[in-house]
Amino acid sequence: MDALFLERLRDCGMAETQIEAGGNCQFRALADQLFDGDQKHYAECRAAAINQLRSEPDRYRDFTEDWETYVSRMENDREWGDQITLQAAADYYEVTAHVYSHDPEMDFPLVLPSKHLDADRIIRLSHIPEVHYNSVHPSSEATQQQERQRRA
């Protein structure tokens with residue numbers, strides 16, 4: 001673990017919950033945030049992001065390769081999520097996403113605004129650029145999440 005990153009998280013009153021790797025980490029982190037720590041809903045989160053991408057392609061397509069190729073690829077289990085899928089999921093669930101990057105040069109947290117400007121629910125993820133997503137909770141919640149994971 002990156003000591004500087006963990007110190008920055010602690011300074012914000014946050015703690016990281018580790019998410020299973022394997023290509024679905026972004027969607028598992030989303031499920032952890034949206035379904036009370038239950039990462040098993042990751043496929044539902046992927047489907048929600050894909051539904052959002054398909055329902056409003058003009059909102060997202062300027063950011064990536066051939067649109068249909070991209071969306072078809074992102075539908076696949078174990079395909080790594082990216083900033084576009086994260087934004088689409090935040091829009092679908094009408095939440096604001098805070099992303100805590102392990103890169104010390106990035107804003108902390110980076111806030112992905114929802115198209116629903118009145119969204120009062122915040123989801124929090126950490127990101128090791130080009131590698132992995134984890135879930136972030138206020139320190140006391142993270143301790144409870146880790147205890148639930150140990151029992152599961």
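# Chat about a predicted model

Q: What is the relative accessible area of E94?
A: E94 has a relative accessible area of 45%, so it counts as partly exposed. This is a predicted model.

Q: Where is E94 found?
A: E94 sits in the loop between α6 and β2.

Q: What about its phi, what value does E94 have?
A: The phi of E94 is positive, about 55 degrees, although E94 is not a glycine. Most residues other than glycine have a negative phi.

Q: Which loop holds E130, and what is its phi near?
A: E130 lies in the loop between β4 (122-128) and β5 (132-138). Its phi is positive too, near 65 degrees, and E130 is a residue other than glycine.

Q: Buried or exposed, E130?
A: E130 is exposed, because its relative accessible area is 69% and the cut-off for exposed is over 50%.

Q: And which residue with a positive phi follows α2?
A: That is D36, with phi near 50 degrees.

Q: Ok, stepping back. How many helices and strands does the protein chain have?
A: The protein chain has seven helices and five strands. From the N terminus, the elements run α-β-α-α-α-α-α-β-β-β-β-α.

Q: What share of the residues in the protein chain is buried?
A: Of the 152 residues in the protein chain, 44% are buried.

Q: What share of the contacts comes from residues 24 or more positions apart?
A: Among contacts in the protein chain with a separation of 6 or more, residues 24 or more positions apart account for 63%.

Q: Back to α2. How many of its residues are buried?
A: In α2, 10 of its 10 residues are buried, so the helix is mostly covered under the cut-off of 20% relative accessible area. The buried residues include R28 and D32, along with F27 and L30.

Q: At what angle do the axes of α2 and α6 cross?
A: Helix α2 (residues 25-34) and helix α6 (residues 83-93) cross at roughly 25 degrees, and their axes come within 11 Å. α2 and α6 are therefore roughly parallel to each other, since the cut-off for that is under 35 degrees.

Q: Left-handed or right-handed, that crossing of α2 and α6?
A: The crossing of α2 and α6 is right-handed.

Q: Which residues of α2 and α6 meet?
A: From α2 there are Q26, F27, L30 and L34, and from α6 there are T85, L86, A89 and Y93. The residues of this contact divide into six nonpolar, two polar and no charged.

Q: Which residues meet between α3 and α6?
A: On the α3 side they are E44, C45, A48, A49, N51, Q52 and L53. On the α6 side they are I84, T85, A88, A89, D91, Y92 and Y93. The residues of the contact of α3 with α6 divide into nine nonpolar, three polar and two charged.

Q: New topic. How many aromatic pairs are found in the whole structure?
A: There are four aromatic pairs in the whole structure. One of them is F5 with F108: the ring centres are 5.9 Å apart and the planes are at 85 degrees, so the pair is edge-to-face.

Q: Where in the chain are F5 and F108?
A: F5 is in helix α1 (residues 3-11), and F108 is in the loop between β2 (96-101) and β3 (110-112).

Q: Which residues form one aromatic cluster?
A: F5, Y100 and F108 form one aromatic cluster.

Q: And what kind of pair do W67 and Y70 form?
A: The pair of W67 and Y70 is tilted, with 5.8 Å centre to centre and 35 degrees between the planes. W67 and Y70 are three residues apart in helix α5 (residues 67-74), so about one helical turn separates them.

Q: Buried or exposed, W67 and Y70?
A: W67 is buried, with a relative accessible area of 10%. Y70 also counts as buried, at 0% relative accessibility.

Q: Last one. Cis or trans, the peptide bond from F108 to P109?
A: That peptide bond is cis, with omega near -10 degrees. P109 is in the loop between β2 and β3. Most peptide bonds are trans.

Notes: Residues are numbered from 1 along each chain as its sequence is written. This is a predicted model: local features need pLDDT of at least 70, side-chain atom pairs count only at pLDDT 80 or more; totals for chains, interfaces and linings use all residues. Side-chain values use heavy atoms; hydrogens and water are left out. Axes are lines fitted to C-alpha atoms, for helices over the stretch in contact, and angles run from 0 to 180 degrees between N-to-C directions. Helices (H or I, at least four residues) and strands (E, at least two) are DSSP runs, numbered from the N terminus. Angles under 35 degrees count as roughly parallel, over 145 as roughly antiparallel, 65 to 115 as roughly perpendicular and the rest as oblique. A crossing is left-handed if the near helix is turned anticlockwise from the far one by less than a right angle, and right-handed if clockwise. Contact means heavy atoms within 4.5 Å. Ala, Val, Leu, Ile, Met, Phe, Trp, Tyr, Cys and Pro count as nonpolar, Asp, Glu, Lys and Arg as charged, and the others, Gly among them, as polar. Rings of Phe, Tyr and Trp (its six-membered ring) pair if their centres lie within 6.5 Å; planes under 30 degrees apart count as stacked, over 60 as edge-to-face and the rest as tilted. Buried means under 20% relative accessible area, exposed over 50%, partly exposed in between (1.4 Å probe, protein chains only).
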